[in-house]
Amino acid sequence: MYDKHPIRLSILHMVPDVAESRSLVLGPLLAGVGLDLGNLADRTQIVLRAQVVAQLRLMARQAGEATLGVDLAAAARPGRLGPSGEALLSGRTLRECIDAHIRHLPNLQAGVRVGLQVSGTRAHWRHAFVDSDPEQAAVLTEGIAAFFVQALRAITGQPDLPVYLVLPHRQQARFWG
C-alpha cells in the first residue's frame with residue numbers, strides 16, 4: 001500500500017549519526033528515495049511517509065540490521081522533533097506529557113491514530129499508521145515504539161518501567177527490555 005501521508009523530515013534528525021556509525025553513505029541512500037541530505041536539519045520540511053519508510057528500510061537493509069529503528073530511537077532527541085517532541089517533556093505529570101504529545105502530534109505527522117486509555121494502574125497507548133502496510137513500515141514503527149518507551153522511562157525516572165508491547169508486524173528480534 002502506498003503511504004502518501006505527510007510527515008516532518010525532522011523525524012529523521014538522528015539518521016546522519018546512526019548512518020555514520022555504520023559506515024553508510026547517507027547522501028545516496030536519501031537520494032534513492034527522493035530526499036536531500038541538506039534538508040534533514042530543516043524542521044519545517046514535509047515529505048511523504050512513504051519516503052521516510054523507504055529510506056529507513058534501505059538503511060536497515062544496507063546496515064544488515066532489521067532492528068535499526070531501535071538504534072535510531074536511542075539517538076532521537078524529543079526537542080528536535082518540534083512541538084510534539086517538546087510537549088512530550090513539558091507536563092507536570094506523565095498523563096499531562098502524553099496528552100500534550102497527542103495534541104501536538106499532527107504537527108509532526110499526518111495519517112496517525114493515537115490514543116491513551118487509563119484503567120486503574122494500567123495505561124494503554126495506541127499509535128497506528130493509517131493506510132500503511134505494517135511490514136513495510138516496520139522499521140519506522142519499531143523506532144517510534146522504542147522512542148516512546150524510552151521517553152516514558154525517562155519521564156517517570158524508572159529505567160526498568162515494565163512495558164508490554166504489541167506490534168502490527170512480525171517482530172524482527174527481541175529488543176524490549
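A residue is called buried when its relative accessible area is under 20%, exposed when that value is over 50%, and partly exposed in between, with a 1.4 Å probe and protein chains only. The model is predicted, so local features need pLDDT of at least 70 and side-chain atom pairs count only at pLDDT 80 or more, while totals for chains, interfaces and linings use all residues. Residues are numbered from 1 along each chain as its sequence is written, and side-chain values use heavy atoms, with hydrogens and water left out.

Side chains of opposite charge can pair when their charged atoms come close. With a salt bridge taken as a side-chain nitrogen of Lys or Arg within 4 Å of a carboxyl oxygen of Asp or Glu, the count comes to four. One of them joins the side chains of R22 and E65, at 2.9 Å from N to O. Because R22 sits in the loop between α1 (15–21) and α2 (26–31), and E65 in the loop between α3 (49–63) and α4 (68–75), this pair ties together parts that are 43 residues apart in sequence; helices here are DSSP runs of H or I with at least four residues, strands are runs of E with at least two, and both are numbered from the N terminus. R22 is partly exposed at 22%, and E65 is partly exposed at 23%. R22 and E65 also belong, with D71, to a network of salt bridges.

Another salt bridge brings together the side chains of R95 and D99, at 3.3 Å from N to O. These two residues are four apart in helix α6, and are therefore separated by about one helical turn. In the salt bridge between E96 and R92, the distance from N to O is 2.6 Å; E96 is partly exposed, with a relative accessibility of 29%, whereas R92 is exposed at 75%.

What volume of space lies in the largest pocket? The answer is about 1200 Å³, where a pocket is an open set of points on a 1 Å grid over the protein atoms alone, with protein on both sides within 12 Å along at least five of seven lines, and lining residues have an atom within 4 Å of a point. A volume is the space filled by probe spheres set on the points. The lining of this pocket has 34 residues, and A123, H124, W125, Y164 and L165 lie nearest its centre. β4 gives the most to the lining, with eight residues.

Definitions and conventions
1 Å grid on protein atoms, 1.4 Å probe; cavity = no way out; pocket = protein on both sides within 12 Å on 5 of 7 lines; lining within 4 Å.
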